[in-house]
Amino acid sequence: MDKIQTQNNTRVFIPVFFSFFVMGFVDIVGVATNYIKNDFSLSDSMAGLIPMMVFIWFAVFSIPTGLLMSRLGRKKTVLTSLLITTAAMLLPLGFYSYPVILFSFALLGIGNTVLQVSLNPLAAAIVSQEQLAGTLSLGQFIKAISSFLGPVIVAFSARWLHNWHLAFLLYGIVTIVSIAILLSVQIKEASKEEAGGHSSFSQIISLLKDPWLLCCMAVIILIVGIDVGLNTSIPRLLMERTDLKLENAALGTSLYFAARTIGTFVGALLLMKLSPVRFLRTTLLLAVLAFAGMMLSSSFWLLLVLIALIGLACANVFSIIFSLALRHDMSHSNEISALMVMGVSGGALVIPLQGIITDQWGFTSGMAVILLSLITASFISFKFKP
């Protein structure tokens, strides 16, 4: 296998990292759901369809995107995702109704799926294998900034522009700018022969016969489940342990996101120098210890410290695993990327399991599902050789 030539032109990095910023737009669905529920007087079940319309496509379109990418190339596939995202952002501005909103968020989910599958291999084409983990962590840092700004942009649009969904206009403009920047640069990609040629659905699935890739996908599923589980559990944990009201307890989730944002930036710097596998093992063990302490503590300030530690420790797991999977077999990087992104949808399975156990045995037992997921991910990390 010929190694893809590393491209050190700084201009090449700008559109790639700009696209990571666009990737974070999908997280607007959380705050938007509350506004949409009020606008159309929706029940909880009807409002719950909105985030489902976003994340279901990670299961449906990940592998087809890998197949598409082997034919179009990575850059053109990223451009396709950005065009879909632009349509998703601009559609509600002209037609604001519940069915249109569902369709718009479905487009956003499809565009984000295509973007996540294609952007990571595109980033792999412009850096050396040794720099890949750090580069993907830096991309996740940029995505985290975008996710963090989402509620701020929506709140600004609601308060100062008197129309919360004008936030979609800003997102649409940013996505169009991203398309223009990406079109303006040349990115050398692997030839079809170097990228493994055309693959079929069954050939992509067959890659999971490789124990290394199977372990990578398992950790992706677990870490996404851990992340989503913590987002929903942290406010309730603070309310039950410290008697906070919901509006104050929800700040615990903001603290978790802030810690993750800082963690991805610090991780991006450290991973340029340190072994990704050793870094992964250390941070997962730290997360296990912090989470165990969080389940036992009733101290408000200690809980906040432990929540921040968990956010810092988990911040780089996704990008490290993604880089380990891609580096393991660069000749099938398109197909491997599709499998890893498909694992994002699998992470949603942790939440129903947590809910069932919580209903049967209480909130603390439900939280134990997340702790068990962390322990399992930590155990799997020792399967990887530095």
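**Aromatic rings and a nonpolar patch**

Analyst: Happy to, and please keep in mind that this is a predicted model. Let's begin with Tyr96, whose relative accessible area of 25% makes it partly exposed.

User: Which kind of aromatic pair do Phe40 and Tyr96 form?
Analyst: A pair of aromatic rings is described by the distance of the centres and the angle of the planes. For Phe40 and Tyr96, the centres are 5.1 Å apart and the planes make 40 degrees. Planes under 30 degrees apart would count as stacked and over 60 as edge-to-face, so the pair of Phe40 and Tyr96 is tilted.

User: How many residues apart in sequence are the parts that this pair ties together?
Analyst: Phe40 sits in the loop between α2 (28–39) and α3 (44–55). Tyr96 belongs to the loop between α5 (74–94) and α6 (98–124). The pair therefore ties together parts whose separation in sequence is 56 residues.

User: Is Phe40 buried or partly exposed?
Analyst: Buried would need a relative accessible area under 20%. Phe40 has 27%, so Phe40 counts as partly exposed.

User: Which residues form an aromatic cluster with Phe40 and Tyr96?
Analyst: The whole structure holds 16 aromatic pairs. One aromatic cluster includes Phe40 and Tyr96.

User: What kind of pair do Phe21 and Phe25 make among the 16 aromatic pairs?
Analyst: Phe21 is partly exposed at 22% relative accessibility, whereas Phe25 is buried at 0%. Their ring centres are 5.8 Å apart and the planes stand at 85 degrees. Planes over 60 degrees apart meet the cut-off, so the pair of Phe21 and Phe25 is edge-to-face.

User: Which helix gives the largest share of the nonpolar patch?
Analyst: The patch covers about 590 Å² and is made by Ile262, Phe265, Val266, Leu269, Leu270, Leu274 and Leu312. Val266, for one, is found in helix α12 and is partly exposed at 38% relative accessibility. Five residues of the patch, the largest share, come from residues 251–270, which form helix α12.

User: What radius of gyration does the protein chain have, and how does it fit a compact globule?
Analyst: The protein chain has 18 helices and zero strands, and its C-alpha atoms fill a box of roughly 60 × 50 × 35 Å along the principal axes. A compact globule of 386 residues would have a radius of gyration near 21 Å. The value for the protein chain agrees with that, at 20 Å.

User: What percentage of the contacts with a separation of 6 or more joins residues 24 or more positions apart?
Analyst: Of the 386 residues, 56% count as buried. Among contacts with a separation of 6 or more, the share from residues 24 or more positions apart is 83%.

Key. Residues are numbered from 1 along each chain as its sequence is written. This is a predicted model: local features need pLDDT of at least 70, side-chain atom pairs count only at pLDDT 80 or more; totals for chains, interfaces and linings use all residues. Side-chain values use heavy atoms; hydrogens and water are left out. Patches are made of residues with over 30% relative accessible area and no salt bridge: like charges are joined within 9 Å, nonpolar side chains (Val, Leu, Ile, Met, Phe, Trp, Tyr) within 5 Å. Accessible areas come from the Shrake-Rupley method with a 1.4 Å probe; for residues, only the protein chains shown count as cover. A salt bridge is a side-chain nitrogen of Lys or Arg within 4 Å of a carboxyl oxygen of Asp or Glu. Helices (H or I, at least four residues) and strands (E, at least two) are DSSP runs, numbered from the N terminus. Buried means under 20% relative accessible area, exposed over 50%, partly exposed in between (1.4 Å probe, protein chains only). Rings of Phe, Tyr and Trp (its six-membered ring) pair if their centres lie within 6.5 Å; planes under 30 degrees apart count as stacked, over 60 as edge-to-face and the rest as tilted. The radius of gyration is taken over C-alpha atoms; the globule rule is 2.2 Å times the number of residues to the power 0.38. Contact means heavy atoms within 4.5 Å.
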